Number of protein chains: 2
Amino acid sequence: MSEQKLQQAIERLKSSNVRITPQRHAVLEFLFNSEAHPTADEIYKALEGKFPNMSVATVYNNLRVLRENGLVRELTYGDSSSRFDSNMSDHYHVICEECGKITDFHYPPLDEVESLAEQVTGFDVSHHRLEVYGQCKDCKEKKAVNH
Amino acid sequence: MSEQKLQQAIERLKSSNVRITPQRHAVLEFLFNSEAHPTADEIYKALEGKFPNMSVATVYNNLRVLRENGLVRELTYGDSSSRFDSNMSDHYHVICEECGKITDFHYPPLDEVESLAEQVTGFDVSHHRLEVYGQCKDCKEKKAVNH
DNA sequence: TAAACTAATTGTAAAGATTATAATATAATA
DNA sequence: TATTATATTATAATCTTTACAATTAGTTTA
């Protein structure tokens, strides 16, 4: 997709003295082209073909570097492994409890909640996270068919 | 605290044919008296004195049973282990990024977000989760002293 | 109250995700 | 192209949670 965004990200890394290796480039590119919020293992498997010798540790290392440089976000839900999202714009997620699919959706940032939390608890608030859970269209339809 | 709530919980378990063993009673009681949202391991360590032979598997089993019966909630944040909350009323959490402390706070349920998510994504929404992150009072003060 | 039945506990092993480590390879730079 | 620091690889270790089989113990019923 947006080749420009990818180039910007690479410049950002370079200016932080992060080396652009083929593996790192591939992880970054894969995430930028994915809307599926993949896990580390899914990224690893997706790049196996191109990099047969790549270690899974490399994927984890690079995800950490990308996260530390503000290029991807780590999403931790109830399930066992983290998911990664290169969409750093303000948005929330709706998660299907049936099949695990994660869908983006936009809503005005909940600034009121943050400021009330500050007042009530005395915290300095930095950010919040919100996820909505339910059943996606596909899973609804599948159930309907089986009846 | 509320001895009555504990008795109600026990009745609820009995009516679901869940046996009340000393270990199970202790896990339940500990959670009902705790406001600290403990991990499974913290519960295990807290009960070690009373039950020197208790297995950590017993703690996990009981937490699962309590969760399945709607008596505790499992909280999964970015850190490695789940936390458990016996406060089943509608409330949100503010989490200190410094020390990990979790503080309850109340806010009207975000029904609007849920209904917008339904419209936009076509999901059947069942619930949502929201956490606010920041720095707690104590950690702020500690930092101020060190300057 | 005792026997019988079923569920719970225990101890240990296994699974799965992630991190640590040390040796080797390689990107960036002068 | 030589140098140097960083990244990668392969593997082991760690940590949380679950699985399993044997034993123990609630609960029910005769």
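Reader: Which element supplies the largest share of the surface near DNA strand C?
Author: Helices (H or I, at least four residues) and strands (E, at least two) are DSSP runs, numbered from the N terminus. A residue is near a molecule or strand if its C-beta atom, placed from the backbone, lies within 6 Å of it. Four residues, the largest share of the surface near DNA strand C, come from H4(B).

Reader: What kind of model is this, and how is it numbered?
Author: Residues are numbered from 1 along each chain as its sequence is written, while chains are lettered from A and ligands numbered from 1 in the order in which they are written. The model is predicted: local features need pLDDT of at least 70, side-chain atom pairs count only at pLDDT 80 or more, and totals for chains, interfaces and linings use all residues.

Reader: On the surface near DNA strand D, which element gives the most?
Author: DNA strand D is surrounded by 26 residues, and the closest are A:Thr21, A:Gln23, A:Met54, A:Thr58 and B:Ser82. Two or more residues each come from helix H2 (22–33) and helix H4 (56–68) of chain A, and from helix H3 (40–47) and helix H4 (56–68) of chain B. With four residues, the top contributor is H4(A).

Reader: What rotation superposes chain A on chain B?
Author: Copies are superposed by least squares on C-alpha atoms of residues with pLDDT of at least 70 in both. The RMSD is 0.1 Å and the shift along the axis is 0.0 Å. This is therefore the relation of a two-fold axis. The rotation is 180°.

Reader: In chain A, which residue has the C-alpha nearest the axis?
Author: That C-alpha lies 2.2 Å from the axis. The residue is A:Leu130.

Reader: Which element gives the most to the side of chain A that touches chain B?
Author: Two residues are in contact if their C-beta atoms, placed from the backbone, lie within 7 Å. The contact takes 33 residues from chain A and 32 residues from chain B. The side of chain A divides into 15 nonpolar, 10 polar and eight charged residues. With 12 residues, the element giving the most is S5(A).

Reader: In what order do the six strands of the open sheet run?
Author: Two strands pair if DSSP finds at least two bridges between them. S5(A) and S5(B) pair in the antiparallel sense over 11 bridges. The pairing of the sheet is mixed. The order is S4(A)-S3(A)-S5(A)-S5(B)-S3(B)-S4(B).

Reader: Which strands are the partners of B:Val94 in?
Author: S3(B) joins S5(B) through four bridges in the parallel sense, and S4(B) through four in the antiparallel sense. B:Val94 has the bridge partner B:Val132 in S5(B). Its other bridge partner, B:Thr103, is in S4(B).

Reader: Is S3(B) enclosed or open, and how many of its residues are buried?
Author: A residue is buried if 20 or more other C-beta atoms lie within 10 Å of its own, exposed if 12 or fewer, and partly exposed in between; C-beta atoms are placed from the backbone. B:Tyr92, B:Val94 and B:Cys96 point one way, B:His93 and B:Ile95 the other, and all are buried. S3(B) is largely enclosed by the rest of the structure, because its buried residues number five of the five.

Reader: What phi does B:Gly100 have in the turn?
Author: S3(B) and S4(B) form a hairpin with five residues between them. The phi of B:Gly100 is positive, about 85°.

Reader: What percentage of chain A is buried?
Author: Chain A has six helices and five strands. Its C-alpha trace spans about 50 × 45 × 30 Å along its principal axes. Of its 147 residues, the buried ones make up 18%.

Key
Ala, Val, Leu, Ile, Met, Phe, Trp, Tyr, Cys and Pro count as nonpolar, Asp, Glu, Lys and Arg as charged, and the others, Gly among them, as polar.
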